[in-house]
Amino acid sequence: MSDVAIIPDMSSEQISSLTRETNYGTWRFQKSWKPLHIVDAEGCWFTDGAGKRYLDFSSQLMCVNLGHKNARVVEAIAEQARELAFVGPVYATTARARLSAKLLEVLPAGLEKFFFATSGTEANEAAFKIARMVTGKNKIISRYRSYHGSTSGSIAATGDPRRWAMEPAGKGMGFVFAPETNCYACPIRHTYPGCNVACADYVEHMIRNESDVAAIIVEPVVGTNGVLVPPPEYMPRLREICDRHGVLLIADEVMAGWGRTGKWFSVDHWNVKPDILVTAKGITSAYVPLGLCATTKKLADYFEDRYFSHGHTYEAHPITLGPATATIEEMQRLKLVERAASLEPYVREKLEALKEKHISVGDVRGLGLFFALEIVKNRTKKEPFNTMRDKVEGKPLVVEQIAAKMMGDGVAQQSWVSHFVIAPPLIVTKEELDLGIDALDRHLAIADALVD
Ligand SMILES: Cc1ncc(COP(=O)(O)O)c(C=O)c1O
């Protein structure tokens with residue numbers, strides 16, 4: 001029995017306790033979960049029940065790209081609810097047609113057929129099923145430093161330790177892992193450019209030896225697992241390898257899409273056209289839950305005379321589609337993709353200055369308004385303070401200690417194992433960037449003191 005009393009006017013403390021008592025806290029030990037009561041959010045800021053404001057320095061989960069409470073998107077939600085809140089996916093709706101037309105404007109050319117889901121996870125599940133149905137093959141190659149979602153197929157495709165709890169029986173079959181592209185700490189101990197991008201060639205070796213490979217899925221710029229930006233040759237080389245072997249290329253742009261890297265989609269940096277592009281998060285700036293699996297017409301044509309064996313009740317849910325069009329229109333009106341690109345040098349310079357100043361900073365990398373700052377115990381050995389195992393065993397992480405101090409100063413900062421993900425809303429000002437980076441600066445001393 002819960003000892004939390006349910007009363008009409010609850011205090012923030014009671015709201016937090018009731019939430020904690022009755023809900024699962026995700027990806028964590030439950031005992032330490034004390035959810036902060038949030039009552040408001042506007043622009044790059046959100047406010048707790050005590051009235052304290054926090055700079056949203058990672059756009060929540062790298063998703064509120066437009067910032068909070070954009071009036072046009074809020075209105076689009078209300079308008080869609082008034083006009084047509086729900087109708088099943090078999091029907092055409094104005095919201096569906098308008099968004100489809102808008103997507104054709106901003107997606108890489110050639111991605112022309114859409115399946116709308118309600119999360120990045122579901123959109124990836126759709127991608128895997130489509131790839132398998134079209135090719136008649138089964139295996140999907142993914143990479144170790146990756147996250148693709150939480151359900152059977154997408155967790156099986158996830159290289160990071162969130163997969164471990166589902167091994168071996170709780171995850172979909174047929175997923176194999178390639179080394180990631182990480183020029184700071186190369187998993188196959190090569191050095192760019194002398195390596196001639198051997199990590200891409202290794203994928204070809206895998207395809208030859210695995211056989212039965214339907215697709216390879218990559219986050220072109222890896223998100224949570226370190227904002228890993230590949231060298232310029234990598235994505236075009238992967239495209240060539242896939243073409244040579246009849247393997248489909250799936251770009252997971254759930255986090256890296258929607259202007260985050262200074263282009264509409266991160267594949268646009270290398271003019272690479274994937275066969276399938278998966279996205280979510282920024283497509284509605286996270287105001288409503290929408291995922292997208294976009295494919296080429298060639299893949300879509302396969303199903304003209306064959307059964308498309310996939311769907312959800314909430315596929316193409318009108319409430320998610322109207323606001324998505326409004327989000328994209330707002331991004332265009334405010335020129336947010338260009339803004340992310342133009343702020344990149346400012347952020348890079350400021351973070352590089354932190355690297356100069358703090359002995360614990362091992363690497364700074366990123367594109368647009370999407371950066372990682374990685375901390376290490378020893379710069380020469382590039383040894384992290386914590387391991388992935390520490391993370392899933394609930395051990396206190398150095399990055400989390402620093403993030404907690406920043407939160408105390410009113411800056412909300414996402415971290416993962418041994419790096420911070422700096423990804424504020426794309427409307428962020430230079431003053432707000434200064435504020436967030438100054439908070440990091442103040443508390444990196446915690447890590448500096450622990451350096452070998
Ligand atoms: C690259 C990537 N793919 C897929 C997902 C899963 O998306 P969702 O949490 O919307 O299911 C995420 C979530 O963070 C992600 O970053």
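Modeller: The model is predicted, so local features need pLDDT of at least 70 and side-chain atom pairs pLDDT 80 or more, while totals for chains, interfaces and linings use all residues. Residues are numbered from 1 along each chain as its sequence is written, and side-chain values use heavy atoms, leaving out hydrogens and water.

For 452 residues, a compact globule would have a radius of gyration near 22 Å, and the chain agrees at 22 Å; the radius is taken over C-alpha atoms, and the globule rule is 2.2 Å times the number of residues to the power 0.38. Of the 452 residues, 55% are buried, that is, under 20% relative accessible area with a 1.4 Å probe, protein chains only.

Glutamate 432 lies in helix H14, which spans residues 430–443. This glutamate is buried but forms no salt bridge, a term for a side-chain nitrogen of Lys or Arg within 4 Å of a carboxyl oxygen of Asp or Glu. The nearest side chain of opposite charge belongs to arginine 339, 6.5 Å away; Lys and Arg count as positive, Asp and Glu as negative, and His and the chain ends are not counted. The glutamate 432 side chain does reach the backbone nitrogen of threonine 429, at 3.0 Å. Leaving aside residues up to four places away in sequence, glutamate 432 touches Cys44, Trp45, Leu55 and Phe57, where contact means heavy atoms within 4.5 Å.

Key
Helix = DSSP H or I, 4+ residues; strand = E, 2+ residues; numbered from the N terminus. Buried < 20%, exposed > 50% of the residue type's maximum accessible area, 1.4 Å probe, protein only. Polar contact = N/O pair within 3.5 Å; in protein donor to acceptor, adjacent residues only side chain to side chain.
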